[in-house]
Amino acid sequence: MTQKITPPTGHRHGADDEVCRQNAACKLCRIEVDGLSVAFGGQTLLKDVSLHIHCGELTALIGTNGAGKTTLLRALLGQVEYKGTVRHLTSDGLPAAAVRTGYVPQQLEFDRSSPVTVMDFMAGALSRRPVFLGVSKRTRAKVMEALTRTHCEKLENRALGALSGGELQRVLLALALTPQPDLLILDEPVSGVDQNGLETFYQTVDELKRKNHMAILLVSHDLDVVQRYADRVVLMQGRVIKQGSPEVVFDSPEFEQVFYARGGRA
Amino acid sequence: MNAVYAAMDALLPFEWLGYTFMKNALLAMLLITPLFGMLGTMAVDNKMAFFSDALGHSALTGIAIGVVLGWQSQMASMLIFGIVWAALITFVKHNSKMSADTIISVFSSTSIALGLVVLSRGGAFAKYSSVLVGDVLSVTQGDLLALLVTLIVTAAAWVLLFNPLIETSVNAPLAQSRGVHAKATEYCFTMLVAVAVMMSIRWVGVMLINSLLILPAAASRNVARSAAGYMRLSVLIAMVCGVAGLILSYYMNTSAGAAVVLICAAVYFVTLPLRRK
């Protein structure tokens, strides 16, 4: 099993791969998306998307509404059909086994008057025992541990629908991190969240990235957040029109075209 | 069954329970109401009030199909049609860009009209009009057995479905990302509701069946502070209102189903000020 295998692509990420090898917990090293296309109802939503997502890095997807960012996330989650390949690879370029994906969805539109509490929602996701029979001690402890990780242990008995945008996002993040994922997917996790909540949220995410060497894929409209926290930025418009470091993408003519061409510079 | 009757005579020596048809009606209430109290919670959380209303209406077409096919009992045709109809509505809802309430409305009107056209041919509708209001006093021992089986099967399925339903009611893609089969869960749930509705519709009536599903859960929401409380209280409210409505209908000589729903509504309005802000 120690046999060295040359990574199949010519892509060079030597430094990252080295970190991956040193980090025993990191089975997944990178996700290679190649020529991914999605069509729905005769409409092409994504065309020929190719990008790499690395462990220990925050990759941000940016673009205007309808650019296909959420569609790409759902393709990576295996929830929409696509053409092309998505490969999960270890540092040795081998297929990574059993990759766990954590997902924090876009702002939720659920029935906010339901009495379902944070504990009910978390326990329902983490345990098979039907919540109406009550939550077992073991599950309760597991939920509290998860909530503590994102600093929302005090929300345990609050109704899920009564949470503020920021609180809800931290609860969803706590769930996405249990059990610990190899890839964390965050879809616009800060819409409707106040400035303080936003800062706390990204500090938590940044900490996770560094401590746990997780691959993080983020969809955001907040370019300021992206500039500060992203290691890699992918600019989309039905396809990838520019990718690279935040500086490279933000200074590109493509970026100018997408964000400022119509309304003029803000 | 005689032992059950004897026990009821011994434990509940009330005038209104003197008749066998009232004993049967009480047992039917005690089987139907927990079924609806249970399913109602997630029907409300998954915004399916309109859907279950449409299902109730489709019973008319179920009966019509049984009549056209010349079947002895229309129970089987109602059940089969109800399940197929529920699955079909769910399928179209998933595979169309139209809004859910438009789709449900189209299905609902179609089934009412189709049922009425077939059943009213030659002025024969009077024969079937009892299904509109329902008559719990005509429940037989065989019907009680069928209701008992329905309750047991539904409760067993509920143990498996409750958690996935909570997750999908918050966000389906999130539930899916955690290994919940969101679509399968939805189909199973809609079919369970279809079976519960069809098994009870002759006793509760097309016009009231949906209220029995929605009102206890809605009233429970006014008071409950957790999912467990929500579900338990919904079942309790449904059962208490069921029994109270039956007694009321006995003394006031009115439709039992309507009395039950009216008491449920009263409980809803009385508990409304207790809602947590």
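**Reading helix packing and a chain contact**

Mentor: In this predicted model, α3(A) and helix α4 (residues 137-149) of chain A pack at an angle of about 110°, with their axes 10 Å apart. Residues are numbered from 1 along each chain as its sequence is written, and chains are lettered from A, with ligands numbered from 1, in the order in which they are written. Local features need pLDDT of at least 70, side-chain atom pairs count only at pLDDT 80 or more, and totals for chains, interfaces and linings use all residues.

Trainee: What describes two packed helices?

Mentor: Two packed helices are described by the angle between their axes and the distance between the axes. Axes are lines fitted to C-alpha atoms, for helices over the stretch in contact, and angles run from 0 to 180 degrees between N-to-C directions. Helices (H or I, at least four residues) and strands (E, at least two) are DSSP runs, numbered from the N terminus. α3(A) and α4(A) are therefore roughly perpendicular to each other (65 to 115 degrees; under 35 is roughly parallel, over 145 roughly antiparallel, the rest oblique).

Trainee: Which residues of α3(A) and α4(A) meet?

Mentor: Contact requires C-beta atoms, placed from the backbone, within 7 Å. From α3(A), Met119(A), Met122(A), Ala123(A) and Leu126(A) meet Thr139(A), Lys142(A), Val143(A) and Ala146(A) of α4(A). This contact divides into 6 nonpolar, 1 polar and 1 charged residues (Ala, Val, Leu, Ile, Met, Phe, Trp, Tyr, Cys and Pro are nonpolar; Asp, Glu, Lys and Arg charged; the others, Gly among them, polar).

Trainee: Which element of chain A gives the most to the side that touches chain B?

Mentor: The contact takes 24 residues from chain A and 25 residues from chain B. On the side of chain A, α3(A) gives the most, with 4 residues. That side comprises 13 nonpolar, 7 polar and 4 charged residues.

Trainee: At what angle do α2 and α11 of chain B cross?

Mentor: The axes of α2 (residues 20-45) and α11 (residues 227-252) of chain B come within 8 Å and cross at roughly 150°. α2(B) and α11(B) are therefore roughly antiparallel to each other. Their contact has 18 nonpolar, 6 polar and no charged residues.

Trainee: Which residues of α4(B) are buried?

Mentor: A residue is buried if 20 or more other C-beta atoms lie within 10 Å of its own, exposed if 12 or fewer, and partly exposed in between, with C-beta atoms placed from the backbone. In α4(B), the buried residues are Ser77(B), Met78(B), Phe81(B), Gly82(B), Trp85(B), Ala86(B), Ile89(B) and Thr90(B). Their cover includes α3 (49-69), α5 (100-119) and α9 (182-204) of chain B.

Note on methods: Contact = placed C-beta atoms within 7 Å.
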